[in-house]
Amino acid sequence: MAARTHPARTPVGGAIRWDRVGRLCLLFVFIGVALLYVGPAISYLKTRSESASRKADIAILKKENQRLKAKRKVLASEQAVETEARRRGMVKSGERAYVITGLPGD
């Protein structure tokens, strides 16, 4: 009796190893899913660092705002308005203004 060979079967040396094919497919799927997470992760990290930078900017602007409010309060007083007006050469009504010329440095 001669040994029967089935032409539909592949020889043992060239057989497809379905367990390895399945592992490779799973590996490719895992790599694909990992790549899908890379973009959002980078975006998250950039947004987080930008948020920290913006918070620092806000802190600086709040300090500046407080300083300007204090300056506005000082400048709104009668004394500050009068001092600024006199610095610009204004006089109160009823006062006499004098102009002195010929001083050194003029």
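Biologist: Why is the contact between Glu84 and Arg87 called a salt bridge?

Modeller: The term requires a side-chain nitrogen of Lys or Arg within 4 Å of a carboxyl oxygen of Asp or Glu, and the closest N and O atoms of Glu84 and Arg87 are 2.5 Å apart, so the pair meets the definition. This is a predicted model, in which local features need pLDDT of at least 70 and side-chain atom pairs count only at pLDDT 80 or more, while totals for chains, interfaces and linings use all residues. Residues are numbered from 1 along each chain as its sequence is written, and side-chain values use heavy atoms, with hydrogens and water left out.

Biologist: How do you know where Glu84 and Arg87 lie relative to the helical turn?

Modeller: Both belong to helix H2 (residues 78-87) and stand three residues apart, about one turn of the helix; helices here are DSSP runs of H or I with at least four residues, strands are runs of E with at least two, and both are numbered from the N terminus. The protein chain has two helices and zero strands.

Biologist: What makes Arg87 count as buried, partly exposed or exposed?

Modeller: Its relative accessibility is 60%, and because exposed means over 50%, buried under 20% and partly exposed in between (1.4 Å probe, protein chains only), Arg87 counts as exposed. Glu84, with a relative accessible area of 30%, is partly exposed.

Biologist: Why are Glu95 and Arg86 called partly exposed?

Modeller: Glu95 has a relative accessible area of 37% and Arg86 has 36%, so both values fall in the intermediate class. The side chains of Glu95 and Arg86 also meet in a salt bridge at 2.8 Å, N to O, and Glu82, Arg86, Lys92 and Glu95 are linked in a network of such bridges. By this rule the count comes to eight salt bridges.

Biologist: How do you know what share of the protein chain is buried?

Modeller: Of its 106 residues, 1% count as buried. The protein chain exposes about 10,800 Å², of which carbon and sulfur atoms supply 63%, the areas coming from the Shrake-Rupley method with a 1.4 Å probe, where for residues only the protein chains shown count as cover.
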